[in-house]
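Trainee: I would like to learn how to read a structural model feature by feature, beginning with the surface. Could we take each general idea before its case?

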Amino acid sequence: MPALQRLSEKTRARREELLDGLRRLFLAEGFARFSVSDMAERLRCSKSTLYLVAPSKEQIVVAAVRSYFKRAAERIEARVAEAPPEKRLVVYLEAVAAELEPVSEQFYADLAAFAPANEVYQENTLVAARRVQELVAEGVAAGVLRPVNAAFVGAAVARVMTGIQDGTIKEATGLDDAEAYRHLADLVMASLTREATESPLA
């Protein structure tokens with residue numbers, strides 16, 4: 001294997017290690033107050049090493065936030081893949097809640113205040129809403145969920161997810177994002193399971 005290729009792999013591994021550290025730091029303490037020097041000090045590396053992640057603080061933050069949601073999505077889908085058909089939707093929503101559990105209030109506040117990072121959250125919220133629609137459609141087709149309009153349910157859930165993401169739900173209820181997703185899971189499953197009371201419109 002050529003030395004350059006080995007170095008490239010080593011560099012990629014170091015970058016992933018830095019992203020791991022940044023994710024833990026940001027989720028616990030937010031990111032707005034940290035300069036690149038502060039981040040490097042907390043990760044016990046040089047600024048030049050930290051720039052392996054991205055060439056500026058703003059881009060470092062976006063890379064770490066994007067990495068967090070990417071890793072979270074991978075873990076969520078792994079849990080869904082192991083679930084039986086009748087449980088996949090609720091497992092998905094509960095897994096989303098579990099991934100949001102360790103996120104600090106400061107991280108949410110910093111996300112809301114920094115548009116590029118908040119756009120990443122919005123993108124992932126939309127992806128999650130589409131995934132819910134897919135899981136509803138799969139559950140209906142498999143006969144494990146009541147026959148409903150999956151597009152409507154997906155659109156309704158997307159509205160709630162957006163409300164969770166933009167803080168509207170917290171303002172109205174006091175629930176943090178993880179708690180809100182758990183309540184959403186309860187609400188959706190109570191209305192879609194075969195045991196639920198049939199709607200007069202069904």
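Mentor: Accessible areas come from the Shrake-Rupley method with a 1.4 Å probe. This is a predicted model, and by that method the accessible surface of the chain comes to about 11,100 Å², with 55% of that area belonging to carbon and sulfur atoms.

Trainee: What are the spans of the C-alpha trace along its principal axes, and which pattern does the chain follow along the sequence?

Mentor: The C-alpha trace spans about 65 × 45 × 20 Å along its principal axes. The chain has 10 helices and 0 strands, and reading along the sequence therefore gives the pattern α-α-α-α-α-α-α-α-α-α.

Trainee: How are the positive and negative charges of the chain placed?

Mentor: There are 26 positive and 29 negative charges, and their mean positions lie 7 Å apart.

Trainee: What share of the residues is buried, and what share of the contacts with a separation of 6 or more joins residues 24 or more positions apart?

Mentor: A residue is called buried when its relative accessible area is under 20%, and buried residues make up 41% of the 202 residues in the chain. Among contacts with a separation of 6 or more, 67% are between residues 24 or more positions apart.

Trainee: Which residues of the largest nonpolar core touch the most other members, and which helices each supply at least two residues?

Mentor: A nonpolar core is a set of buried nonpolar residues joined through side-chain atoms within 4.5 Å. The largest one here has 63 residues, of which Phe26, Leu50, Leu89 and Leu93 touch the most other members. At least two residues each come from helix 1 (3–29), helix 2 (36–43), helix 4 (57–82), helix 5 (88–100), helix 6 (105–113), helix 7 (115–141), helix 8 (150–166) and helix 10 (177–192), and helix 4, with 10 residues, gives the most.

Trainee: What does Leu50 touch, if residues up to four places away in sequence are not counted?

Mentor: With those neighbours set aside, Leu50 touches Leu18, Leu22, Val36, Met39, Ala40, Leu43, Cys45 and Ile60. Leu52, in the loop between helix 3 (47–50) and helix 4, touches Thr11, Arg14, Arg15 and Leu18 on the same terms. The C-alpha atoms of Leu52 and Leu18 are 8.4 Å apart in space, although 34 residues separate them in sequence.

Trainee: Where do Val120 and Ser67 lie, and what do they touch?

Mentor: Val120 is in helix 7 and counts as buried because its relative accessibility is 1%. Beyond its neighbours within four places in sequence, Val120 is in contact with Val62, Val65, Arg66 and Phe69, and its C-alpha atom is separated by 8.2 Å from that of Phe69, 51 residues away along the chain. Ser67 lies in helix 4 and is buried, with a relative accessible area of 9%. Ser67 touches Leu19 and Arg23, not counting residues up to four places away in sequence, and its side chain makes a polar contact with the side chain of Arg23 at 2.4 Å.

Trainee: Is Ser104 buried or exposed, and which backbone oxygen does its side chain reach?

Mentor: Ser104, found in the loop between helix 5 and helix 6, is buried because its relative accessible area is 14%. The side chain of Ser104 reaches the backbone oxygen of Leu27 at 2.7 Å. Apart from neighbours within four places in sequence, Ser104 is in contact with Phe26, Leu27, Ala28, Glu29 and Gly30.

Trainee: How should I read the phi of Arg44, and is Arg44 buried or exposed?

Mentor: Most residues other than glycine have a negative phi. Arg44, in the loop between helix 2 and helix 3, has a positive phi, near 55°. At 79% relative accessibility, Arg44 counts as exposed.

Trainee: What distance separates the C-alpha atoms of Ala73 and Glu99?

Mentor: They are separated by 8.7 Å, while Ala73 and Glu99 are 26 residues apart along the chain. Ala73 itself is found in helix 4 and is partly exposed, with a relative accessible area of 33%.

Conventions: Residues numbered from 1 in each chain as written. Predicted model: local features only at pLDDT ≥ 70, side-chain atom pairs only at ≥ 80, totals over all residues. Heavy atoms only, no water. Buried < 20%, exposed > 50% of the residue type's maximum accessible area, 1.4 Å probe, protein only. Helix = DSSP H or I, 4+ residues; strand = E, 2+ residues; numbered from the N terminus. Contact = heavy atoms within 4.5 Å. Polar contact = N/O pair within 3.5 Å; in protein donor to acceptor, adjacent residues only side chain to side chain. Lys, Arg positive; Asp, Glu negative; His and termini not counted. Charge placed at Lys NZ, Arg CZ, Asp CG, Glu CD.
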